[in-house]
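User: Got a model on my screen and a few quick questions. Can you walk me through it?

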Amino acid sequence: MTVGSPLVFRPSFAQRAMAVLLFAGSWLVGVRALAQILERLPVLRASLKVAEAASEPTWSFWVAVIAAIGAVVAGSLLLIGTLLGVLLVEGSQVLVDELGLTVEHNALPAPLARKLGAGRLLWKRISRLERSGPFFVLRGGGEPGRTGPADPVLRFLLVDELERLVLMVLERSPNLKHED
């Protein structure tokens, strides 16, 4: 039995370029919005002091300060999400060989990569292929009567020739359950 080299599925250049452009654009917009918020804080602080000196209610100023802080936190989380997205697109690859399928997230540290869906499944262990949010998900547990460690859940975002990969999974996985 000869073992050939595995097929490698990666995002295409256009998919990777689009992810990088979305990442760069969101960072530029996010940094500009943060700069605008920081520019307005001294004005808000001065308005707050004037309102306190005139003994007017200041709750609306505090609401504005809390909203600004909330916007900075939410924006920071979204920017971290775009960074994670570009790392997943740029460093992901799906390897297909005669024994099974492997998903690698090379741009991420190993524990985080495993948590986000890196791992290996044998063809006979694949039980479900589904779409969950932006991810394509392969679940294990297809071989009946087997005990041992739990199978990993494999996730990947984009690959070039996705239809070919899905057809290979459908053809080679004997325990795959078909659901609508």
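User: How many aromatic pairs are there?

Analyst: The count comes to 2 aromatic pairs. Rings of Phe, Tyr and Trp (its six-membered ring) pair if their centres lie within 6.5 Å; planes under 30 degrees apart count as stacked, over 60 as edge-to-face and the rest as tilted. This is a predicted model: local features need pLDDT of at least 70, side-chain atom pairs count only at pLDDT 80 or more, and totals for chains, interfaces and linings use all residues. Residues are numbered from 1 along each chain as its sequence is written, and side-chain values use heavy atoms, with hydrogens and water left out.

User: Why is the pair of phenylalanine 136 and phenylalanine 156 called stacked?

Analyst: Their ring centres are 5.7 Å apart and their planes sit at 25°, so the pair is stacked. Phenylalanine 136 lies in strand β6 (residues 135–140) and phenylalanine 156 in strand β7 (residues 154–156), so the pair ties together parts that are 20 residues apart in sequence. Strands are DSSP runs of E, at least two residues; helices are runs of H or I, at least four; both are numbered from the N terminus.

User: What does β6 pair with?

Analyst: Strand β5 (residues 126–132), antiparallel, over 6 bridges. Strands pair if DSSP finds at least two bridges between them. Glutamate 130 has valine 137 in β6 as its bridge partner. The β5–β6 hairpin has 2 residues between the strands, and glycine 133 there takes a positive phi near 65°.

User: Switching to the open sheet. What's the strand order?

Analyst: β1-β2-β3-β4, 4 strands with antiparallel pairing. β1 (7–9) and β4 (119–122) stand at the edges with a single partner strand each, so one side of each has no neighbour in the sheet. The twist averages 15° from one strand to the next.

User: How many bridges join β3 to β4?

Analyst: 4 bridges, with β3 (residues 100–105) and β4 antiparallel. Leucine 101 stands opposite leucine 121 in β4.

User: Which strands does helix α4 lie across?

Analyst: Helix α4 (residues 162–172) lies across β1, β2 and β3, at about 130° to β1. Helix α2 (residues 59–91) lies across β2 (92–96) and β3, at about 35° to β2. Axes are lines fitted to C-alpha atoms, for helices over the stretch in contact (heavy atoms within 4.5 Å). Angles run from 0 to 180 degrees between N-to-C directions.

User: And salt bridges, how many?

Analyst: The structure holds 6. The rule is a side-chain nitrogen of Lys or Arg within 4 Å of a carboxyl oxygen of Asp or Glu. One of them joins arginine 16 and glutamate 90, with the closest N and O atoms 3.3 Å apart. That pair links distant parts of the chain, helix α1 and helix α2, 74 residues apart.
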